[in-house]
Amino acid sequence: MSTETKPKSVGGDSKMKAGLIWFNGQLVPQEEAKVSVLTHALHYGTSIFEGIRAYETPKGPAIFRLHEHTERLFHSAKVMMFEMPYTSEQINQAIVEVIRANGYKSCYIRPLAWMGANTLGVNPLPNNPAEVMIAAWEWGTYLGDEAVRKGARLITSSWARFPANVMPGKAKVGGNYVNSALARVEAQQAGADEALLLDKEGFVAEGSGENIFFLRGNTLYVIEHSVNLMGITRDSVITIARDLGYEVREVRATRDQLYMADEMFMVGTAAEVTPISYLDHRAIGTGKAGEHTMKLRAAYMDVVQGKNPKYEAWLTYVK
Ligand code: PPE
C-alpha cells in the first residue's frame, strides 16, 4: 500500500483510521467491519482485548512480545469462558497479516473478542461463540509528547480500582474499562493528564491504563501484583532495569510514599515509559522527568526498536 493511502494516526479526538481490519477471519475495509446493535458485548461489556505495539526496526517492523500478549488474550478468554473460534497461532498470523496489509512500519494493534448477537440476557453462554477482530493503527505517545518530555501530571482518582472479588482485573475484559474510563475522564476534567487508582484499602493499584514504578536513591520499586493488570511492559522494564544493575523491589505502596519518591513513572504498551512530574499537585522529586526514568525509557525504546540484540527473542518480525 502506498504511503498516501495508508491510514493516518489516531488518538485523542481524531476519528479512528484503521484501514484493513481482520474481521472474523477476513481482511475487510474498516467501513465494512460492522456488528449488530444487539451485540451482547455492547450491552454488558462482555469483550476481551489486547493492546500490542509493533515498531520500526533495522530489520523491518517487529511486534513486541507478541506471544505474551496472545497468551494473555487466551487467558482472558478462559476467565470469561469464551470459546475462541481461532487458535493462538491463527491469531498471531492474523496480526502479522494486518500489519502487512496496511503497510505499517510501526503501529498499535488491538485484537478484540466479544460475545455477539446470538443471545441477549446477561448469560451469553453456551450459544454465543466469541467473534474476533484485529485492527491496527498508527498511534503516537499515549499521554502526549509533552508528557514524555516534561512528565505527566497525575491525580488520585475518587474511583477505586475494583477488588478481586468484584471484577477479574488480571483479565483484560472490556467491562473492566468502565472503571478506567471514569477515572481518566475525571482526571482530565480536573486538568491532569492521567489518574492514579488506589485499591479499596487505599494502596496504590495502577493508572487507568498503566502500571506504576517509583524510585528512591538507586532502588526501583514497582507495585506488586494485587488487583492490577499483570503488565507485559512492567515485566519488560523489571528485566531491563535488573540487567542495567538496578535493584528492583515489588512492594505494596501508599500514595504518600509516592509523594516522597525521587522519581516516578508509568508503563504500558500504549504509554511505554512515561515520566510523572506531579501527583496530586505535589512535585515528584524535582517536578521534572527523572534522570533514571529517562535512562530506563531510552533503554526500553532501544529494545522495542530492535537496537539491543540481547532482547531479540521479544521481537516477532513482520516479513
Ligand atoms: N494496567 C491497565 C489497567 C492497563 O489497561 C494496561 C494496558 C496496563 C496496566 C499495562 O499493561 P501492558 O500493556 O501489558 O504493559 N493498557 C492498554 C490499553 C490502553 C488504552 O487506552 O486502550 C495498553 O497500553 O495497550
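The following legends describe close-up views of a predicted model.

Residues are numbered from 1 along each chain as its sequence is written, and side-chain values use heavy atoms, with hydrogens and water left out. Because the model is predicted, local features need pLDDT of at least 70 and side-chain atom pairs count only at pLDDT 80 or more, whereas totals for chains, interfaces and linings use all residues.

View 1. A polar side-chain atom of Thr-233 is 2.5 Å from a ligand oxygen atom, and one of Lys-172 is 3.2 Å from a ligand oxygen atom. Ala-270 contributes a backbone N or O atom at 2.9 Å from an oxygen atom of the ligand. Taken alone, the ligand exposes 550 Å², of which the protein buries 93% (Shrake-Rupley method with a 1.4 Å probe; for residues, only the protein chains shown count as cover).

**View 2. The salt bridge between Arg-65 and Asp-235.** The side chains of Arg-65 and Asp-235 meet at 2.7 Å, N to O, in a salt bridge (a side-chain nitrogen of Lys or Arg within 4 Å of a carboxyl oxygen of Asp or Glu). Arg-65 lies in the loop between β5 (60-64) and α2 (66-80) and Asp-235 in helix α6, so the pair ties together parts 170 residues apart in sequence. Arg-65 is buried at 7% relative accessibility, while Asp-235 is partly exposed at 35% (buried, under 20% relative accessible area; exposed, over 50%; partly exposed, in between; 1.4 Å probe, protein chains only). A network of salt bridges links Arg-65, Glu-68 and Asp-235.

**View 3. The salt bridge between Glu-194 and Arg-184.** These two side chains meet at 2.8 Å, N to O. The pair links distant parts of the chain, with Glu-194 in strand β9 and Arg-184 in helix α5, 10 residues apart. Both Glu-194 and Arg-184 are buried.

**View 4. Side-chain contacts of Asn-211.** Asn-211 lies in strand β11 (residues 211-216) and is buried, at 4% relative accessibility. A polar atom of its side chain is 3.2 Å from the backbone oxygen of Leu-229. The Asn-211 side chain also reaches the backbone nitrogen of Gly-231 at 3.4 Å.

**View 5. A nonpolar surface patch.** Val-37, Leu-38, Leu-42, Tyr-44, Leu-120 and Val-122 make a nonpolar patch of about 610 Å². Patches consist of residues with over 30% relative accessible area and no salt bridge, like charges being joined within 9 Å and nonpolar side chains (Val, Leu, Ile, Met, Phe, Trp, Tyr) within 5 Å. Leu-42, in helix α1 (residues 40-44), is exposed, with a relative accessible area of 61%.

How values were computed. Helix = DSSP H or I, 4+ residues; strand = E, 2+ residues; numbered from the N terminus. Polar contact = N/O pair within 3.5 Å; in protein donor to acceptor, adjacent residues only side chain to side chain.
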